[in-house]
Amino acid sequence: DSRTSGKSSSSSAARLLHIGAGTSSLSERIREVYRDVYGAGLDEQAIVHTDFAENLVARKQAEEVSRKTDGSGSAGGMRWVCMDAMSWTETAKAFGGDGQLRSFDLVVDKSTSDAISCGEDVSYSDADPSLHPAFNEYLKKHEDRRITLSPVEVLAIHLASLVRPGGVWIALTFSPNRFAFLSSPHGSSEDVNAPRAAKLWDVEQVVTVDAPTGMEGRGIAPVVQHYVFVLRR
C-alpha cells in the first residue's frame, strides 16, 4: 500500500466510520493520524463520526464549521452524524440515501460494542420495513421462524452493509469473547439460511494490551487488559 511509504494523495483517503464517538479525544486523534498519512490537503469529509446523542452531534458539527471559518480546518471538515447503529432505519437514512452503503473502508469502535452488549438479546418474528433487509428476507420466506441474536451481532450485520468487501472493523473491547458469535456461523440454530454475522466478518487478529491503571507512585493495581479485534469484511 502506498500509505506505508510517505504521504498519500488526499483523493485516496480511506473512508472511515467512527461509531459511538462521544466526547472521547479519539476523534481528534483520528484527524491527526489522517493528516500525518494524507497531508494537510486531506479532505476530512472522508472521516465520519456517529453518536446517538443529538446535542453532542450538533455541537461537534458547529465546531467543524468554526474550524473551517477560522482557517484551522480543511474544506468541509470531518462529518458528524446523529445515528443509533442498532436501528437499521436510522442507519439506512444516514448512509443509504446518498449511495454510501458498502462504501466505508474502515470502522473504528472504541468500546461501543461493550456498551451495546449490555442490552437484551434481540428477537424478530415478523418482517418489518424497519428491519435490516437480511432479516426481512429471511422472515418473509420462513413465517414460522424467529431470529434471536445478541445486540452485538445485530450491530455486526448492520455494519457489514456499510463496509466494502475487504474493509476492516477495528474494535477495542474489555472482553476476549466479545465476538464469540463469529466462530459459530449458525449459532444455536441449524438453519444455514438464517442471517448470521459469521457469514459477513472474519476475525483476522486479536491483540491484547494492558490498560492504563491511573495509579501513580507505589500503588499496586490489578492488571486490566483491553482486546483489539481486527475484523475483515
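User: Helices (H or I, at least four residues) and strands (E, at least two) are DSSP runs numbered from the N terminus. With that settled, where is I116 placed?

Analyst: I116 lies in helix α4, residues 112-117. Keep in mind that this is a predicted model, where local features need pLDDT of at least 70 and side-chain atom pairs count only at pLDDT 80 or more, while totals for chains, interfaces and linings use all residues. Residues are numbered from 1 along each chain as its sequence is written, and side-chain values use heavy atoms, with hydrogens and water left out.

User: Thanks! Is I116 buried or exposed?

Analyst: I116 counts as buried, because its relative accessibility is 17%. Buried means under 20% relative accessible area, exposed means over 50%, and partly exposed is in between, with a 1.4 Å probe and protein chains only.

User: And what does I116 touch, sequence neighbours aside?

Analyst: Beyond its neighbours within four places in sequence, I116 is in contact with M86, P151, V152 and L155. Contact here means heavy atoms within 4.5 Å. I116 and L155 are 39 residues apart in sequence, with 8.4 Å between their C-alpha atoms.

User: Let's move to the sheet. What is the strand order?

Analyst: The open sheet has seven strands, running β3-β2-β1-β4-β7-β9-β8, with mixed pairing. Two strands pair if DSSP finds at least two bridges between them. At the edges are β3 (79-82) and β8 (202-210), each pairing on one side only. Neighbouring strands are turned by 20 degrees against each other on average, direction ignored. Such angles run from 0 to 180 degrees between N-to-C directions, and axes are lines fitted to C-alpha atoms, for helices over the stretch in contact.

User: How do β4 and β7 pair?

Analyst: β4 (residues 104-110) and β7 (residues 163-173) are parallel partners, joined over six bridges.

User: What about β1, which way do its side chains point?

Analyst: L16 and H18 point one way from β1, while L17 and I19 point the other way, and all are buried. In a regular strand the side chains alternate between the two faces of the sheet. β1 also pairs with β2 in the parallel sense over three bridges, and L17 has V48 as its bridge partner in β2.

User: Which residues of α3 are buried?

Analyst: In α3 (residues 88-95), the buried ones are W88, T91, A94 and F95. They lie on the same side of α3, because they cover an arc of only 130 degrees around the axis. The arc is that of the directions from the helix axis to the C-beta atoms. The cover over them includes β1, β2 (47-51), β3, β4, α5 and α6.

User: Switching topic: how many disulfides does the structure hold?

Analyst: The structure holds zero disulfides, a disulfide being a pair of cysteine sulfur atoms within 2.5 Å. C82 counts as partly exposed at 36% relative accessibility, and C118 counts as exposed at 69%.

User: Last one: what is the phi of R102?

Analyst: Phi of R102 is near 60 degrees, a positive value in a residue other than glycine. R102 is found in the loop between α3 and β4. S111 also has a positive phi, about 65 degrees, and is not a glycine; S111 is in the loop between β4 and α4. Most residues other than glycine have a negative phi.
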